[in-house]
Structure formats: structure tokens, C-alpha cells
Amino acid sequence: MYFGLTDEQQLIVDTVRSFVENEIYPHEEVVEKTGVVPSEIGQEIKQKCIDIGFYAANLPAEHGGGGLNHLDFTLLERELGRGSLGLTVFFGRPSGILAACEGDQIEHYLAPAIRGEKFDALAMTEPDAGSDVRGMKCSAKQDGDDWVVNGTKHFISHADIADFVIVFVATGEEESDRGSRKKITCFLADRGTPGFEILPGYNSVSHRGYHNCILQFDNCRLPKGNILGELHRGFEVANEWLYATRLTVATMAVGRARRAFELALPHAAERRQFGKQIGKFQGVSFKLADMITEIDAADLLTLSAAWRLDQGLPANREIASAKVYATEMLARVSDEAIQIFGGMGLMDDLPLARIWRDSRVERIWDGTSEIQRHIISRELLRPLGG
Amino acid sequence: MLEIDKLEKILVGLKRVVDYNVRVRVKADASGVETDGVKMSINPFDEIALEEALRIKERGEADEVVVVSMGRTECQQQLRTGLAMGADRAILVESDDEIDSLTGAKILLALVEREHPGLVILGKQAIDNDNNQTGQMLAALWDRPQATFASELTISGDSATVTREVDVGLETIEIDLPAVVTADLRLNEPRYVKLPDIMKAKKKPLDIVPLADLSVAPAPRLTSVEYTAPEQRQKGVIVDDVAGLVAALKEKGLA
């Protein structure tokens with residue numbers, strides 16, 4: 001077993017870290033203050049990312065993507081996680097699910113997404129279907145060669161800047177051993193399609209400048225050629241790709257926690273109270289010890305889960321463990337980093353208050369901590385008949 | 001009219017140094033600076049030197065960029081980074097011994113004699129010892145012109161125009177090639193490494209030459225006695241007026 005990075009991995013980490021420090025950090029303050037990423041800044045980040053060949057690093061090389069495996073991509077996103085999400089979203093990483101594109105879809109969606117010409121968003125959640133995804137009400141009925149979609153999606157991240165949306169819709173019901181359940185199909189829906197509207201969402205405490213949207217489908221006609229994967233097999237498509245997005249959440253939490261720690265550590269060494277450095281007080285030094293231990297644990301858990309995906313090993317449980325642990329670790333570490341700074345930690349002058357606010361959503365989106373624990377325990381108990 | 005050929009080859013030196021972000025610590029036994037488990041990088045001025053060489057090549061004024069380093073086997077990491085930035089091939093002169101400026105210059109001379117580059121670009125100094133010697137020594141040993149502290153470099157055939165950052169401002173000189181140029185901070189801003197180039201770097205040639213093969217005998221002229229951290233800066237005092245300032249300076253024997 002070897003825990004070091006290869007030269008290539010080290011270069012990926014160094015390059016992305018330096019990109020985040022030079023191209024992302026300088027814009028964070030304006031995004032925090034205004035809640036908006038000025039479009040020229042977003043475009044500049046995107047163009048620079050394209051220029052250095054890091055755009056769509058997660059997608060297959062045969063279509064022009066970077067072709068990184070899960071482990072290398074997880075290292076990349078860990079460094080990206082240090083920066084404000086409203087800005088790093090322009091360091092484009094189209095949804096991995098687009099690799100399921102076939103035929104004309106490749107030229108219409110996958111290829112332009114990889115080239116940075118079209119931006120995607122992914123829509124699953126509804127007002128009445130959060131963790132209970134299959135309870136979705138957004139549905140489609142077949143009419144000739146088209147499907148007519150009706151319903152509402154919400155909390156759809158960065159749909160405001162999306163050119164098309166990957167949307168999951170109920171397309172009928174089927175009997176299963178646990179009763180009747182909805183059949184789900186995944187569609188590709190272009191912005192501007194009649195009957196499809198992308199509306200501003202809610203103001204969130206987390207991730208200012210990274211907006212969520214409400215999608216409305218009102219008798220929106222989508223041709224059957226816009227089905228991603230197979231009809232009624234939307235969950236199969238989703239399951240194949242969406243576990244990886246939990247790795248994204250986990251690894252970005254690790255990167256962000258490390259940034260908070262790197263602020264807290266020198267402060268503990270330099271700040272003097274009662275005639276000595278505050279790091280000399282056990283109340284502070286033990287916090288640092290716990291913080292770095294938890295950050296490293298989350299880092300290793302996440303990287304090993306990514307490695308398992310690359311090896312083709314079962315990774316569902318491990319990814320859930322990484323997601324729940326890393327996001328809860330981030331909550332603790334960002335909170336303690338503020339505690340070490342005292343009042344100053346809450347001021348806008350430092351990124352800590354933002355990291356602390358941003359951390360809250362990580363335990364909710366892409367599967368709540370409770371759903372992750374459900375996945376973990378189910379995987380443990382099922383083989384025992386539990 | 002004389003047909004002017006472009007440079008066949010540019011040689012660039014890359015030194016492995018403690019990363020500029022790292023707060024350096026003296027080893028417990030005071031024998032040097034701690035490098036165990038410390039992030040190491042290309043000396044930033046060397047990175048600028050490489051960037052300049054790559055730009056010259058990209059302008060079609062040179063055919064090949066060769067990066068060289070000297071020291072322990074770990075220096076391969078910095079050479080791989082150089083290859084990922086765009087250098088064509090790399091040479092590591094391997095040695096476990098400490099290499100001082102003069103030995104370094106002699107090693108570079110041996111490589112120059114093997115490779116016959118039209119131009120050697122080095123960093124003006126390395127951020128570890130800040131010696132600022134190797135480039136000048138190489139030029140003297142090689143008996144070729146030198147242009148140090150370069151902030152602008154243009155190649156025209158068998159000569160180069162170099163703007164130098166000197167104490168009084170900027171000085172522009174013309175030198176015949178081959179020559180040694182050392183890079184200053186403002187020469188350029190090094191690029192980000194491109195992802196496809198990271199993947200290609202592994203396949204580029206990296207030759208490892210044992211120091212003994214170069215018939216350069218390391219003859220260190222310097223002996224390190226002891227390393228100590230600089231004293232912590234004392235808190236300053238605020239004086240009320242100029243008279244107070246003069247008095248304070250006098251008290252410290254500075255005026």
C-alpha cells in the first residue's frame with residue numbers, strides 16, 4: 001500500500017491549488033458582499049480553465065475531456081473545494097452522467113459541455129420529493145414521438161447559468177415486491193424549450209453567489225431523442241453516476257476544512273493572551289489536534305472510496321461514509337476555527353464565517369447525513385438478513 | 001543576405017528548493033534547514049527562466065528546451081514539473097553531496113559542452129541560499145557573455161537584447177549568443193501546467209547522469225559551521241516627533 005501522490009497527482013494538486021489561490025480567492029469578497037458572480041469574472045475563470053486543459057477533467061478523453069479517474073479527480077476537487085463555490089463552478093466539471101449520451105446527444109450535449117460551450121444542471125429534487133426521490137410528482141406522458149412534461153423542481157443548483165438541464169421525471173408506475181412504485185426517466189431539456197422555465201430560487205445561508213433555481217414544466221414537449229439512457233431506467237443512469245457527486249461533496253469539504261485549519265493554526269501560534277501564545281493553552285492546542293486528526297481521517301476515507309470506484313469494487317457504503325463524515329467534520333472544524341479566532345472569526349475580514357455558513361448545506365444536499373447513515377447501515381445489515 | 005537560423009537548443013537550470021510558502025525551520029542539530037517532509041518546489045526564478053525559454057520556443061525562435069537539475073534523485077520531481085510545463089527533455093546530474101555555486105557552474109559547463117545550447121537561462125538566484133553566483137560563474141568558465149537580472153529578452157539570430165534590472169533602473173544590452181541569461185522576477189509570469197501536458201510529461205525523456213561521469217570533482221570551498229534562525233523581530237516603538245526619532249536612533253547608535 002502506497003499513500004504518496006504520483007508526480008502527476010502532485011502536479012494536478014499543485015496546479016489546481018495555485019489556480020484557486022490566484023484566480024478564485026481574489027474574487028471571493030465581492031461575491032460574498034453582492035451574492036452575485038459578475039458574469040465577466042465567471043467567463044474569465046472558465047476560459048482560463050479551458051486554456052489549461054482542466055475543463056471537464058472528469059469526462060472521457062475520447063470526447064475531449066480530461067479523462068481523469070475518480071481518485072485523481074477527487075484530488076482535483078479537494079483543492080477546488082478551498083474556494084467559493086459560486087466561483088469554482090466555472091472551473092467546469094459537467095455532470096458525469098453526460099457520459100451516458102448516445103448518438104446525436106453526444107454532439108448536442110456531451111461535446112459542447114466538454115468544450116465549455118454549454119453549461120448543464122441536474123434536477124431531481126421537488127418541493128414534496130427531497131430524500132424520497134421516487135415520490136416525485138413531476139411527470140411525463142407520451143404523445144406520439146414526444147413526451148409531455150408537467151411539474152416543478154426546486155433547489156436546482158446553478159440552473160441560472162445552465163443552457164440545458166438533466167431532469168428526472170416520472171414516466172409511469174410499476175409493481176415491485178414492495179408495492180407500486182414510479183418509473184423514472186432521465187431527460188435532457190434545453191433552456192428556452194416552450195413550456196420550460198428556469199426561475200430564481202431561494203436565498204440560502206450557504207454558498208452566496210451559487211444559486212439554486214425553480215424549474216417549471218407546463219406541457220413542455222421533449223422529443224424521445226432527449227431521453228438520457230433508457231426509458232424508465234432513469235435511476236439506473238443516476239445510480240451509475242451520482243455516487244461520484246457525493247465524493248465531490250466529501251472531498252470539497254476536506255479542502256475547505258484544511259483552508260480553515262491553515263488559518264487557525266498560525267493564529268494559535270501567534271496570538272498572545274495572558275502573556276503567552278494561545279496555542280500553549282490546552283483548550284486551544286487540543287482543538288487543533290482534534291481538527292487535524294478529523295481532517296486527515298476524512299481525507300483518507302474520501303480518497304480510498306474514490307480509489308474503490310476506480311478499482312470497480314463496491315463503493316456505495318464507503319462513499320456514504322466519506323460523505324457523512326467529511327461534511328460533519330467540516331461543520332466541527334469550521335466551528336472550532338472560529339472559536340480559536342474568537343470574535344474576529346465571525347467578521348467578514350476572514351473567510352471563516354463564510355466557510356462555517358457554507359458548511360451547513362453539505363450535510364443536507366446530495367443525500368442528507370441521515371440518508372447516508374441509512375445507506376451505510378443497510379449495506380451492513382442486509383447480508384445478515386437485517 | 002545572411003540567413004539566420006533559430007536556436008537549436010535552450011538549456012534551463014531548475015533547482016529543487018523548499019517551497020516559498022513554507023516557513024523554514026533549522027534542523028535540531030543546527031546542520032542545515034529542515035527538508036524532511038517539507039514541500040519542495042522549483043526555485044521560482046528558475047520557473048521564470050523556463051517560462052521564458054518556452055515562450056522563445058513557441059515564437060519559433062528555438063527548437064528544443066532542455067531542463068537540467070543537479071542533486072539527489074528526488075530532483076526528478078522538479079524536472080517532471082518542468083517537462084509538464086513544456087520542456088522537451090530533462091537531465092538530472094545525480095549526486096548526494098552538497099553542491100555549491102562553483103561546482104554547480106562546473107556541472108552546467110560540462111552539460112553545455114555536451115549539449116551545445118545556443119542559450120542558457122537560469123534563475124538570478126535560488127531562494128534557499130540566495131547566492132546569486134551560478135550564472136555569472138558559468139559565463140566566466142564558459143567564456144561567453146552574460147546578462148543577469150533580465151526583465152526582458154528578445155532573440156535576433158545570433159544575438160540577444162536583454163533589459164536588466166540594475167540598481168539605478170533598467171539597462172538594455174546586446175549580447176552575442178551563445179550566452180548566459182539569468183531571470184529576474186518581472187521577466188514573465190510562469191504559466192499553469194496544462195492537464196494534457198501533465199499526462200505527457202511521464203513519457204518525455206529524463207536522463208540521469210551520475211556526477212562522477214562528468215569528471216567534475218565536487219570541491220566544496222564552503223564549510224557550514226552552524227545554522228541558526230534569525231532573531232525574532234522586536235516590537236517597534238512609536239515616537240512622538242522627529243526629535244524623538246533622532247533621539248531614539250542615537251540611543252541605538254544608528255545616528
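How many bridges join strand E7 (residues 146–156) of chain B to strand E8 (residues 159–166) of chain B? I'll get to that in point 3; here are my notes.

1. Ground rules. This is a predicted model, where local features need pLDDT of at least 70, side-chain atom pairs count only at pLDDT 80 or more, and totals for chains, interfaces and linings use all residues. Residues are numbered from 1 along each chain as its sequence is written, chains are lettered from A and ligands numbered from 1 in the order in which they are written, and side-chain values use heavy atoms, with hydrogens and water left out.

2. Overall picture. Chain B has 6 helices and 11 strands (DSSP runs numbered from the N terminus: H or I of at least four residues for helices, E of at least two for strands). Of its 255 residues, 45% count as buried (under 20% relative accessible area with a 1.4 Å probe, protein chains only; exposed is over 50%, partly exposed in between).

3. E7(B) and E8(B) run antiparallel and are joined by 6 bridges. B:Ile155 sits opposite B:Ala160, and B:Ser156 is opposite B:Ser159. There are 2 residues between the strands, and B:Gly157 has a positive phi near 65°.

4. On to the next strand. E8(B) also pairs with E9(B), again in the antiparallel sense, over 8 bridges, with B:Val162 partnered by B:Ile173. That hairpin has 2 residues between its strands too. E8(B) is largely enclosed by the rest of the structure because 6 of its 8 residues are buried.

5. Zooming out, 9 strands of chain B form an open, mixed sheet in the order E9-E8-E7-E10-E6-E1-E4-E5-E11 (two strands pair if DSSP finds at least two bridges between them). Its edge strands are E9 (169–176) and E11 (206–210), each pairing on one side only. The twist averages 30° from one strand to the next (axes are lines fitted to C-alpha atoms, for helices over the stretch in contact, and angles run from 0 to 180 degrees between N-to-C directions).

6. One to look at: B:Glu52, in helix H1 (residues 44–58) of chain B. B:Glu52 is buried yet has no salt bridge, and the nearest side chain of opposite charge, B:Arg59, is 4.8 Å away. For the bookkeeping, a salt bridge needs a side-chain nitrogen of Lys or Arg within 4 Å of a carboxyl oxygen of Asp or Glu; Lys and Arg count as positive, Asp and Glu as negative, while His and the chain ends are not counted.
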